[in-house]
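Dear colleague,

Please find the structure below, handed over for your reference. My notes on what was found in it follow.

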Amino acid sequence: MSFRSLPPGALPPEGEAGSGAAAPARPDGAAADDPAAEPAPAGQVRRLRLVGASGMVPRARDFARRALEDWGWLPAVNAEQRAAAEDVLLVVSELVTNACLHGGGPDELRLRTAGKVLRLEVSDSGTGTPEPRTPHRASRPGGHGMFIVQRLCLDWGVQREPGVVGKTVWAELSAPL
């Protein structure tokens with residue numbers, strides 16, 4: 001696990017995401033129907049406020065699935081792309097669940113992409129530091145979330161802002177292109 005502010009070769013800070021075009025608006029208006037969801041600005045960024053929301057994990061998965069659809073990564077064109085998209089949805093579920101169980105509840109989910117990297121970020125007000133259980137025992141119930149994140153992601157870590165309560169747990173995966 002790493003605790004860098006940004007991993008090597010990571011996406012630049014928001015607002016510096018490069019020349020990527022904004023994600024197209026959904027023709028069915030799905031994002032507009034969710035007042036907590038913001039449309040993706042230039043640079044392929046999506047945000048979902050989760051403070052006080054009910055059904056946070058399925059809501060976060062649905063939000064991520066819509067983003068993958070808008071970005072043309074779903075529906076998948078082959079088994080490899082489908083598996084990569086499912087990995088993204090699983091990691092979203094694990095990060096949001098971890099924030100629910102150990103971080104006082106998630107504040108926000110952010111999806112950011114540039115090129116072949118998709119960065120997932122879940123912020124919460126918790127003070128703890130997530131880490132995979134050691135030793136990992138697959139036969140024991142519970143406690144597998146961060147082990148799954150570690151196995152599926154290119155990299156992951158925790159980012160803290162000086163003087164700000166809470167943290168952002170981030171994970172980076174290969175974009176399901």
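A residue is called buried if its relative accessible area is under 20%, exposed if over 50%, and partly exposed in between (1.4 Å probe, protein chains only). At 4% relative accessibility, D124 therefore counts as buried.

Please note that this is a predicted model, in which local features need pLDDT of at least 70 and side-chain atom pairs count only at pLDDT 80 or more, while totals for chains, interfaces and linings use all residues. Residues are numbered from 1 along each chain as its sequence is written, and side-chain values use heavy atoms, with hydrogens and water left out.

Confidence. The pLDDT is the predictor's confidence in each residue, from 0 to 100. Its mean over the chain is 78, and 72% of the residues reach 70 or more. Over residues 1-42 the pLDDT is below 50; this stretch has 79 contacts (heavy atoms within 4.5 Å) in the model beyond near neighbours in sequence.

Surroundings of D124. This residue belongs to strand β4; helices (H or I, at least four residues) and strands (E, at least two) are DSSP runs, numbered from the N terminus. The side chains of D124 and K167 are joined by a polar contact of 2.8 Å, that is, a pair of N or O atoms within 3.5 Å where, within protein, one must be able to donate a hydrogen and the other to accept it, and residues adjacent in sequence count only if both atoms are side-chain atoms. The D124 side chain also reaches the backbone nitrogen of G126, at 2.8 Å.

Helix α3. N78 caps the N-terminal end of α3, with a side-chain oxygen 3.1 Å from the backbone nitrogen of E80. After α3 comes G104, whose phi is positive, near 75 degrees.

Nonpolar core. Such a core is a set of buried Ala, Val, Leu, Ile, Met, Phe, Trp, Tyr and Cys residues joined through side-chain atoms within 4.5 Å. The largest one has 34 residues, and L68, L95, L109, L111 and L120 have the most contacts inside it. Helix α3 gives the largest share, eight residues. Leaving out residues up to four places away in sequence, L95 touches L120, V122, M146, V149, V169 and A171.

Yours sincerely
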